[in-house]
Amino acid sequence: MSLSEILHYLRIGGFTLALLIVASVVALGVAIERLIALWGVSERSRALGDTVHKHLLRGDLAAARTASERSDAAVADIFLAGFDRFERTRGTCEGVDSAVERERAQVGLRLRRNLWLLATIGSLTPFVGLFGTVAGIMRSFKDLGLDVQAGGTGGTGAVMTGISEALVATAVGILVAVQAMAFYNYFQARLSRVLVELRLMGDEFVELLRERPVNAPSPSAPTPTAPAPVDTRPLPEA
């Protein structure tokens with residue numbers, strides 16, 4: 001299809017075709033934004049998870065919290081929520097698993113941001129294209145009636161061109177829907193895997209926090225100081 005033909009169909013399609021093109025651009029923009037946001041999210045989370053778990057196995061909760069605060073990984077917020085709850089309960093671990101699970105749900109919502117746009121575009125654009133086709137066919141039959149009134153033969157040639165142009169709207173609507181749904185299904189599959197990994201890392205974090213060494217200091221506990229030496233030398237005689 002040449003450039004002149006494409007421009008011709010764009011001119012004929014009018015508002016409906018322009019709306020479909022805008023929807024296609026929006027879907028592409030959302031896909032690019034999500035690709036950037038999710039780039040390396042699993043790798044960063046696994047790296048932080050390994051670091052925090054090593055510190056917890058040694059009983060160094062302060063180092064584990066510091067590593068979480070310095071990281072931009074998605075799982076960092078989950079670990080910090082667990083540490084905050086752990087400190088509020090003074091090391092009893094009561095409710096830590098609930099706090100971790102709530103934060104994991106919040107992280108999941110942030111990772112799914114704007115995906116509803118892809119689902120909406122994928123489900124609505126075929127109907128928008130069908131509307132454009134119906135409107136184009138109605139216009140073609142109106143032209144056929146005017147041709148008959150003007151003394152024309154009313155043959156199929158009077159409407160075939162208009163109908164073929166109207167069907168372009170349906171074709172474009174289907175193409176935009178395929179594009180949006182392909183992106184949506186890809187991100188859904190990828191996020192499902194990421195959320196499972198976050199759940200496993202959160203569960204392991206809670207287990208290690210509960211099974212930490214008994215003498216391990218709390219992340220907020222002050223470092224104990226050694227007592228001052230006592231002078232045991234006898235006093236001089238008067």
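This is a predicted model: local features need pLDDT of at least 70, side-chain atom pairs count only at pLDDT 80 or more; totals for chains, interfaces and linings use all residues.
Residues are numbered from 1 along each chain as its sequence is written, and side-chain values use heavy atoms, with hydrogens and water left out.

**Overall fold**

- The secondary structure amounts to 7 helices and 0 strands, in the order α-α-α-α-α-α-α from the N terminus; helices (H or I, at least four residues) and strands (E, at least two) are DSSP runs, numbered from the N terminus.
- Of the 238 residues, 37% count as buried, where buried means under 20% relative accessible area, exposed means over 50%, and partly exposed lies in between (1.4 Å probe, protein chains only).
- Among contacts with a separation of 6 or more, 79% link residues 24 or more positions apart; a contact means heavy atoms within 4.5 Å.

**Helix 1**

- Isoleucine 36 is located in helix 1 (residues 3-37) and counts as exposed because its relative accessibility is 62%.
- Together with Leu28 and Ile32, Ile36 forms a nonpolar surface patch with about 290 Å² of accessible area. Patches consist of residues with over 30% relative accessible area and no salt bridge, like charges being joined within 9 Å and nonpolar side chains (Val, Leu, Ile, Met, Phe, Trp, Tyr) within 5 Å.
- Serine 24 also belongs to helix 1, and its side chain makes a polar contact with the side chain of glutamine 179 at 2.9 Å. A polar contact is a pair of N or O atoms within 3.5 Å; within protein, one must be able to donate a hydrogen and the other to accept it, and residues adjacent in sequence count only if both atoms are side-chain atoms.
- Apart from neighbours within four places in sequence, serine 24 is in contact with Val176 and Gln179.

**Helix 2 and glycine 49**

- Glycine 49 sits in helix 2 (residues 41-58) and is buried because its relative accessible area is 1%.
- Residues up to four places away in sequence aside, glycine 49 touches Phe79 and Met201.

**Salt bridges**

- The structure holds 13 salt bridges, each defined as a side-chain nitrogen of Lys or Arg within 4 Å of a carboxyl oxygen of Asp or Glu.
- Glutamate 33 pairs with arginine 34, with the closest N and O atoms 2.8 Å apart. Glutamate 33 is partly exposed because its relative accessible area is 27%, whereas arginine 34 is buried at 2% relative accessibility.
- In helix 2, glutamate 43 and arginine 46 are 3 residues apart, so about one helical turn separates them; their side chains meet in a salt bridge at 3.9 Å, N to O.
- Glutamate 43 is partly exposed at 47% relative accessible area, and arginine 46 is partly exposed at 38%.
- Arginine 110 and glutamate 103 meet through their side chains in a salt bridge of 3.7 Å, N to O. Arginine 110 is partly exposed, since its relative accessibility is 41%.
- Salt bridges with shared partners join Arg65, Glu69, Asp84 and Glu87 into one network.
- Within helix 3 (residues 61-70) lies arginine 65, which is buried because its relative accessibility is 15%. The side chains of arginine 65 and glutamate 87 make a polar contact at 2.9 Å.

- The buried residues of helix 5 include Val96, Ala99, Val100, Glu103, Arg104, Val107, Gly108 and Leu111.
- Asparagine 114 lies in the loop between helix 5 and helix 6 (115-149) and is partly exposed, with a relative accessible area of 26%.
- Although not a glycine, asparagine 114 has a positive phi of about 75°. Most residues other than glycine have a negative phi.

Terms used
Accessible areas come from the Shrake-Rupley method with a 1.4 Å probe; for residues, only the protein chains shown count as cover.
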